[in-house]
Amino acid sequence: MGDSRPVLVLTNVYDVTADVVLRLLAERRVPVARFDPGADLHTDASLTAAYRSGVQRGMLRTSSRELDIARVRSVWVRRPSPYEGPPGLSGQDRRFAAEQSSWGTGGVLASLPGAHYVNHPWNNRAAESKPVQLSVAQRSGFLLPDTLITDDPREARGFIDSTDSGAVYKPLWNTAYRVDGQPHSVWVREVRGHEVTDAVSVCPHMFQVKVGKAFDARVTAVGDRVFGVRIDSPDLDWRRRQNLMTCTPVEVPGAIARAIAAYTVGLGLAYGAFDFAVTSAGDWYFLECNPNGQWAWQPAGTTAAIARALADQLEKGPET
C-alpha cells in the first residue's frame, strides 16, 4: 500500500511553476495540499498547533479539507505570499498581526515533526544572504571573483582602481525600488572608481572583479542531482533582457558538482539555483546561489528533468 501522508506545498495561487510538479505528484497518486499562509489565513483557513510533553499535534483547515500537520510527509516552500496582515486592518494593528503571523504561523509550518523540507524556510533565509553565500562557497571549493563589501567610499574606489579587468556593482538584496513612482530593478553593472561617491557610506555595497566570461551557466541542484545550462547573452546581467539570451544544456564538471554538494550540505539545502561565469579557459566562477530560484524557463528537457527530481524529493519524504 502506498504512503498516504500528504505533501504540503506553500505557494501563492499564481505560481504556475509549482503546477508542473503538482501534476507529476498527481500522476503518482501522492496526496498534496496547496496552501498560501500569507493569504489563505485571512480568508477561509485556520491553523492550530498543540504542544504537550512528548506530543505535538495540529490541524490545518481550509474550505475543502482538514490536514493533520503531524502527518505531513514533505513541505515544499515554493513561493508563499509575504505575511502582511489582514487587509481590513491598517497601521500598527496590521503590522502587529503580520509579525505575529510570521513568527506564529511561520514557526508552526517550519517545525512539522518528521517532515522533509525543500527547503527549510530558515535555511532559505540564511542562504539568501550574499556574505553567507560567499563564505560557504569559499569553504566548498569554488573559485570566487575577488569581492569587497563596504560602506567606505575610499575602500570601494581603491578596490575598483586596483583591478585590471574592471569591477561590477551588485546589490546585496533585491530591495523594492521605485523611480518616479515606477518599479525599478537594480541590475549588475560595471562601475569605475570615479563614479563612487560618498553616498556609498549610507549602506554596505558589494563590488566584484569583473570576470572575463565566455558564457554564463545556471546549475540547478536537487538533492544529489545537478542540471546545467549554458546561457549566452549580450548583457552583463542576463536577467535584464531574457528575450535576448539563449540557453542550451551543458555538462557540469565533476569538481563543480562536488563543490555544489558541499555547499548544499553546508547550508542544509535540498534545492539550489547556482549561477556561474565561465571563462574561455574553462574556469567556473561562483557568482551566487538562489535557494529558491526559478527553473521552468530553461530548455524543455532540463525543465522536465528538474520537475521530476523535485517530485522525487517530495515523494520520498524524510530520510529514515
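## Surface, cavity and salt bridges in a predicted model

Val179 belongs to strand β10, which spans residues 178-179. The structure discussed here is a predicted model. With a relative accessibility of 37%, Val179 is classed as partly exposed, because this value falls between the limits of 20% and 50%.

**Backbone features**

Val118 and Asn119 are joined by a cis peptide bond with omega of about -15°. Asn119 is located in the loop that runs between β7 (116-118) and α4 (121-127). Arg29, although not a glycine, has a positive phi, near 60°. Arg29 sits in the loop between α1 (16-27) and β2 (32-35) and is exposed, its relative accessible area being 75%.

**Cavity**

The search of the whole structure returns 1 cavity of 30 Å³ or more. The largest cavity holds about 30 Å³ of space. Its lining consists of Trp76, Arg78, Tyr271, Asn292, Gly293, Trp295 and Leu310. Sorted by class, these are 4 nonpolar, 2 polar and 1 charged residues.

**Salt bridges**

Side chains of opposite charge can pair when their charged atoms come close. The count of salt bridges comes to 15.

| Pair | N to O distance | Relative accessible areas |
|---|---|---|
| Arg78 and Asp15 | 2.8 Å | Arg78 1%, Asp15 6% |
| Glu315 and Arg28 | 2.9 Å | Glu315 29%, Arg28 28% |
| Asp237 and Arg239 | 2.7 Å | Asp237 6%, Arg239 28% |

In the salt bridge between Arg78 and Asp15, distant parts of the chain are linked: Arg78 lies in strand β6 (residues 74-79) and Asp15 in the loop between β1 (7-11) and α1, 63 residues apart. Arg78 is buried, and Asp15 is buried too. Arg78 is also one of the residues lining the largest cavity.

Glu315 and Arg28 also meet in a salt bridge. This pair connects helix α8 (residues 300-316), which contains Glu315, with the loop between α1 and β2, which contains Arg28, across 287 residues. Both Glu315 and Arg28 are partly exposed. These two residues belong to a network of salt bridges that also includes Arg225 and Asp312.

In the remaining pair of the table, Asp237 is buried, whereas Arg239 is partly exposed.

Technical notes:
Residues numbered from 1 in each chain as written. Predicted model: local features only at pLDDT ≥ 70, side-chain atom pairs only at ≥ 80, totals over all residues. Heavy atoms only, no water. 1 Å grid on protein atoms, 1.4 Å probe; cavity = no way out; pocket = protein on both sides within 12 Å on 5 of 7 lines; lining within 4 Å. Points joined across faces, edges and corners; volume = space filled by probe spheres on them. Nonpolar A, V, L, I, M, F, W, Y, C, P; charged D, E, K, R; others polar. Helix = DSSP H or I, 4+ residues; strand = E, 2+ residues; numbered from the N terminus. Buried < 20%, exposed > 50% of the residue type's maximum accessible area, 1.4 Å probe, protein only. Salt bridge = Lys/Arg side-chain N within 4 Å of Asp/Glu carboxyl O.
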